[in-house]
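Q: Could you walk me through this structure? I am new to it.
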Amino acid sequence: LAKEGFPVRIHVRRRGEGKGLSSAVLLGFDLAKHGVVLCMDADLQHEPESVPAVARPVLDNAAEFTVGSRHVGDGGLGFDWSLSRRVISAGATMLARPLSSSTDPMSGFFCLSRETLARGKAAANPVGFKIGLELAVRCGVARVTDVPITFQERVAGESKLSMKQNVLYLRQLLALYWFKFKLTLLALAAALVAVAYLAAQKLLG
């Protein structure tokens with residue numbers, strides 16, 4: 001690609017630079033030269049032709065965070081997903097919806113500015129695969145725009161989905177819920193304690 005005139009830079013991650021997908025994405029963002037960064041799958045499940053549309057709202061300062069979504073406009077699937085994968089995806093999306101206004105909060109096709117990234121990168125957990133959701137919550141993005149994309153069948157490689165990844169996802173959700181709703185949860189816990197105390201006082205009094 002470089003010989004054909006495309007300004008492509010490839011970084012081979014060393015063993016000491018982390019492991020897993022999320023840490024690789026964060027490392028890539030650190031090495032990026034420009035003010036807007038974008039993440040997408042390299043197995044062509046995310047179509048490169050959709051990059052301009054996904055990046056445009058951030059480039060135009062119309063959004064802080066954009067998500068390539070299967071669930072808006074003419075977005076969708078470009079192949080037949082098994083029923084089990086559809087159920088797993090729908091369930092995981094439902095669990096994440098309170099954390100993000102995106103219709104496809106688990107999407108790995110997303111874009112944000114380095115300025116927005118700087119607000120939450122230090123607090124981000126680089127473990128797991130849902131780095132887009134992680135950054136959307138940790139960076140406290142208020143203006144999220146969903147851009148319709150067609151999620152295609154994988155051209156190379158294989159799915160990393162496993163029971164271990166499902167467990168990591170649930171742990172990630174718990175951490176993000178605590179991060180975003182900590183004061184609300186503490187207030188609710190305090191209210192429950194107060195109600196229990198008053199009930200006990202009434203019974204004993």
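A: Let us begin with Ser50, which counts as buried at 12% relative accessibility; buried means under 20% relative accessible area, exposed over 50%, and partly exposed in between, with a 1.4 Å probe and protein chains only. This is a predicted model, in which local features need pLDDT of at least 70 and side-chain atom pairs count only at pLDDT 80 or more, while totals for chains, interfaces and linings use all residues. Residues are numbered from 1 along each chain as its sequence is written, and side-chain values use heavy atoms, with hydrogens and water left out.

Q: Where is Ser50 found, and what does Ser50 touch?
A: Ser50 lies in the loop between β1 and α2 (51-59). Helices (H or I, at least four residues) and strands (E, at least two) are DSSP runs, numbered from the N terminus. Leaving aside residues up to four places away in sequence, Ser50 touches Phe109 and Ile149; contact means heavy atoms within 4.5 Å.

Q: Which residues of the largest nonpolar core touch the most other members?
A: That core has 16 residues, and Val25, Phe29, Phe65, Phe110, Leu112, Ile131 and Leu135 touch the most other members. A nonpolar core is a set of buried Ala, Val, Leu, Ile, Met, Phe, Trp, Tyr and Cys residues joined through side-chain atoms within 4.5 Å. At least two residues of this core come from each of α1 (21-31), β1 (36-39), β2 (65-69), β4 (110-113) and α5 (131-138). There is also a second, separate core of nine residues, including Ala92, Met106, Leu133 and Leu173.

Q: What does Leu112 touch?
A: Not counting residues up to four places away in sequence, Leu112 touches Phe29, Val36, Val37, Val58, Glu64, Phe65 and Leu117.

Q: How does β1 sit against β4?
A: The two strands run antiparallel and are joined by four bridges; strands pair if DSSP finds at least two bridges between them. Val36 has Ser113 of β4 as its bridge partner. The covered face of β1 holds Val37 and Cys39, and the uncovered one Val36 and Leu38.

Q: Turning to α5, how many of its residues are buried?
A: Eight of its eight residues are buried, and α5 is mostly covered. Among them are Glu134 and Arg138. After α5 comes Gly140, whose phi is positive, near 60°.

Q: And Arg171, buried or exposed?
A: Arg171 is exposed, with a relative accessible area of 57%. Its place is in helix α6 (residues 163-204). The C-alpha atoms of Arg171 and Thr184, 13 residues apart along the chain, are separated by 19 Å.
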